[in-house]
Amino acid sequence: MNARKLYLLHHPDNGGNSQQFCKIRLAEEILTNVEDRSEFDRVYPKVYGAWQAHDTARAERLREEEAVFRRRQGEAQRRTEEAMRKAQQRQERAAYDRLQRLQEEEERLKLIEEERVKAMKGEERMRTEKFRLSAPQQEAEARTEAVAEKRRIQARLQAEEMLKQQIIENKL
């Protein structure tokens, strides 16, 4: 493309860039002036070589920076994955511990229920034998039975309250 076409294309009055226009004008002045052209031809290879070296060094620096960035990004991703894995392990362990506590509580409640059933069977046996006892013995037996019944009721209420608390804790 010749200088006249470049002038028209980049002239600020035609919406072009004024800096680009000044560069084109300077280049045309240098290339049309014999002394400036000979100076340009003499210096240009040195300048061009320096620019090539600069561009090569810049490209190498950018590659190194990108490699560092990728390495750091990979390390950050590994750390994130490790943190997520540890959090998952903690959650699994907590769930296992809650399950163990619930199973232990269920076993304890089962034992309490078995003891209650045994006590009821014993009471039934005692009622059948009650008819054979004398009146003072029957009164003493009735008082003992009432105290035992109160204790069973208290134990059952305590067990139910503990179960309710366990359920509330597990929901949280």
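## The largest pocket

In this predicted model, the largest pocket has a volume of about 260 Å³. A pocket here is an open set of points on a 1 Å grid over the protein atoms alone, where a 1.4 Å probe fits, with protein on both sides within 12 Å along at least five of seven lines. The volume is the space filled by probe spheres set on the points, which are joined across faces, edges and corners.

Lining residues have an atom within 4 Å of a point; among them are Leu109, Glu113, Arg116, Arg152, Ala155 and Leu163. The lining divides into six nonpolar residues, no polar ones and six charged ones. Of the types named above, Ala and Leu count as nonpolar, and Glu and Arg as charged. Helix 3 (34-130) and helix 4 (135-171) each supply at least two of the lining residues.

## Overall form

The protein has four helices and zero strands, where helices (H or I, at least four residues) and strands (E, at least two) are DSSP runs. The radius of gyration, taken over C-alpha atoms, is 48 Å, well over the 16 Å that the globule rule (2.2 Å times the number of residues to the power 0.38) gives for 172 residues, so the protein is more spread out than a compact globule. Its C-alpha atoms fill a box of roughly 145 × 35 × 20 Å along the principal axes.

## Basis of the values

Residues are numbered from 1 along each chain as its sequence is written. Local features need pLDDT of at least 70 and side-chain atom pairs 80 or more, while totals for chains, interfaces and linings use all residues; side-chain values use heavy atoms, leaving out hydrogens and water.
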